[in-house]
Protein chains: 2
Amino acid sequence: MARDHVVGVDLGGTNIKVGVVTTSGNVISSLSVPTEGQHGPDHVVNRMVTAALKAIEAAQLTKDRILAVGIGAPGSMSHKQGVIISPPNLPGWSNVPVRDMIAKGTGLPANLENDANAAAYGEYWAGGGRGTRDMVLFTLGTGIGGGVIIDGQLVRGFFDNGAELGHMIVHPGGRLCGCGQHGCVEAYASAHYTAVRAVEAIKNGEPSSLKARLDKGLTIDARNVEDAARAGDPLARRIWDETCRYLAIACVNMQHFSNPQKILLSGGMIGAGAYLLDPVRKYFLELTWKAAQDYPAIEFATLGNDAGFIGAAGLAMAEVGGQVTARAES
Amino acid sequence: MARDHVVGVDLGGTNIKVGVVTTSGNVISSLSVPTEGQHGPDHVVNRMVTAALKAIEAAQLTKDRILAVGIGAPGSMSHKQGVIISPPNLPGWSNVPVRDMIAKGTGLPANLENDANAAAYGEYWAGGGRGTRDMVLFTLGTGIGGGVIIDGQLVRGFFDNGAELGHMIVHPGGRLCGCGQHGCVEAYASAHYTAVRAVEAIKNGEPSSLKARLDKGLTIDARNVEDAARAGDPLARRIWDETCRYLAIACVNMQHFSNPQKILLSGGMIGAGAYLLDPVRKYFLELTWKAAQDYPAIEFATLGNDAGFIGAAGLAMAEVGGQVTARAES
């Protein structure tokens, strides 16, 4: 029986998402379990292994049909060594050799990637980037992540920190970002900082309908800013508009870096739909050069939360699967 | 006799530089002739062909020892079609099929690349980037160009406009760049704009020793700014310092994009030596994140003006040469 499926695992701070994917990118089964990161790496790796085996069972397959297990994981990591270094959302983890632990636990070859890179590869392989060879993904959530595909290859970087696109500096000496730099695009246009900018403006005395939330002791998130902007609140409109404008600048910069055919936006913020996409596209065309008509299509990603495990599976197939097939044939 | 050499041609607005290079990147012969672009494309292509044949002769070789001719050319172009679209420094040129004209004129396979991309490949193959697989080149001249090598491959981009690194926006709504955008790094840190910023400050009444040049009807260039800064002129020091700081930000952004092992600086401005390199390195470490120690080495390129024709030769070998060899063997 051919090894014609791959397992993808997306390790998040809250949930582990696992799926079985065919070698042409179709999802056969998937499931999600709480991470329980507070119990430490051994516990979490056991949960990942168990979830992977359950997903294989749910797909009505046996392990001899699986090429490899691909893992997407957050934070600083070494793809080459298969080690998670220090994920911000898994406190206490330090230099965990997840790849080899998963390989041992499942008895299958394993491969470790950055989660945003995996999501980009998933969209390239099976989502909004299908049919392109050159694309960029921005993940717009609490932070801003990114992934770049050039001629069908994922950009990992010499130090395995490629495509940390949220940390491109677009405002020298600007806002302090969580990463320690000043003026990162993330420090303006992520969901977290969009909300923070609104709260700061209100605390500085700018009038806004959002102030009522603060007065009631409630927090403000990016969705609240979006809703207030849609309802006509001038401060919320300005903040939302600036967010869209910064995202457009990030797109211009990617146009001039890898010059992709498509730029995809994903993550929680794309829930705003055209209210996000239309101004990003408008500002992109306004702010980019006219020296060449090299304008990437700016679109939404299509795989939602599945992009991570699908891409992790695809990358594992590309990295490990080929070797396995070769070995089986030799 | 094996085809074990490649010809590289660097087409500039002022001069055509041609060299014969071995398949391991050693220059056997080189020469430079005026471009005479005012006489039009046919005339210039004839000069390129003649120069290529002369360089082969100077290397004491015959054409049957040459794999291919590689061309590096400025401005907007199509690598895929081998067409120069509208080079700013060759006025009147429009959609010139240079690749096929050179192939016809020399009787050899030809390949066309962007000149800064060719220079980056030259440094990667035979210069300051040797031994790396992931590097970035910034060309610091009148404008700022760039080239990116990822895992040994040149980033050309879907629209053949990859690595236009001078046009990354680092200052939204900032200075108008020659490309039509606002706030490009080129609009601050190129030789041209470094001088322009000094002139503007003087015209705005800031005192400076450089004012004497303007009073005499002389122009101010980046070298004048550098000299005045070295001599202690406060305005020139501020301008030079800002230039170095913007270049450091461009390096930070490339760290987060392709995450290279090395970033090389080339072009006229590196004549300033440590007076440029030291502050760029200092600001890089000051401005970049501490989240990971993924710091590329920032160094000067080593091939000077030869990088363009060497890289054009290397890329022609990679693109066309392989096919020629295959054809000869079939």
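## A hairpin to start with

In chain A, strand S1 pairs with strand S2 (residues 15–22) in the antiparallel sense, over seven bridges. Strands here are DSSP runs of E with at least two residues, helices are runs of H or I with at least four, and both are numbered from the N terminus. Two strands pair if DSSP finds at least two bridges between them. The link from S1(A) to S2(A) is a hairpin of three residues. Across that pairing, A:His5 sits opposite A:Thr22 in S2(A).

S1(A) has another partner too: five bridges join it to strand S4 (residues 66–73) of chain A, and these two run parallel. Here A:His5 stands opposite A:Ile66 in S4(A).

## Before going further

This is a predicted model, in which local features need pLDDT of at least 70 and side-chain atom pairs count only at pLDDT 80 or more, while totals for chains, interfaces and linings use all residues. Residues are numbered from 1 along each chain as its sequence is written, and chains are lettered from A and ligands numbered from 1 in the order in which they are written.

## How enclosed is strand S1?

Strand S1 (residues 5–11) of chain A has seven of its seven residues buried, so it is largely enclosed by the rest of the structure. Buried means that 20 or more other C-beta atoms lie within 10 Å of a residue's own; exposed means 12 or fewer, partly exposed is in between, and C-beta atoms are placed from the backbone.

In a regular strand, side chains alternate between the two faces of the sheet. In S1(A), A:His5, A:Val7, A:Val9 and A:Leu11 point one way. A:Val6, A:Gly8 and A:Asp10 point the other way, and the residues of both groups are all buried.

## Chain A as a whole

Zooming out, chain A holds ten helices and twelve strands. Its C-alpha atoms fill a box of roughly 70 × 50 × 35 Å along the principal axes. A compact globule of 330 residues would have a radius of gyration near 20 Å, and the 21 Å of chain A agrees with that. That radius is taken over C-alpha atoms, and the globule rule is 2.2 Å times the number of residues to the power 0.38.

Buried residues make up 57% of the 330 residues in chain A. Of the contacts with a separation of 6 or more, 64% are between residues 24 or more positions apart. A contact means that two C-beta atoms, placed from the backbone, lie within 7 Å.

## Two domains

Chain A is assigned domain 1 (5–122 + 305–329) and domain 2 (133–302), with bounds that come from an automatic or database domain assignment. Taken over C-alpha atoms, the domain centres are 28 Å apart. Eleven residues from domain 1 and 13 residues from domain 2 take part in the contact between them.

On the domain 1 side, the elements giving two or more residues are strand S5 (76–78), helix H3 (115–126) and helix H10 (307–329) of chain A. H3(A) gives the most, with five residues. This side divides into seven nonpolar, three polar and one charged.

## Two chains, one axis

Where chains A and B meet, the contact takes 37 residues from chain B and 37 residues from chain A. On the chain B side, helix H8 (residues 234–257) gives the most, with five residues. That side of chain B has 19 nonpolar, 14 polar and four charged residues.

## Two isoleucines

A:Ile56 lies in helix H1 (residues 41–58) of chain A. With 23 other C-beta atoms within 10 Å, A:Ile56 is buried. Leaving out residues up to four places away in sequence, A:Ile56 touches A:Val7, A:Val20, A:Leu61, A:Lys63 and A:Ile66. A:Val7 is 49 residues from A:Ile56 in sequence, but 7.8 Å in space, C-alpha to C-alpha.

B:Ile28 belongs to strand S3 (residues 27–34) of chain B. B:Ile28 counts as partly exposed, with 15 C-beta neighbours inside 10 Å. Beyond its neighbours within four places in sequence, B:Ile28 is in contact with B:His5, B:Val20, B:Val21, B:Thr22 and B:Ala59.

Technical notes. Ala, Val, Leu, Ile, Met, Phe, Trp, Tyr, Cys and Pro count as nonpolar, Asp, Glu, Lys and Arg as charged, and the others, Gly among them, as polar.
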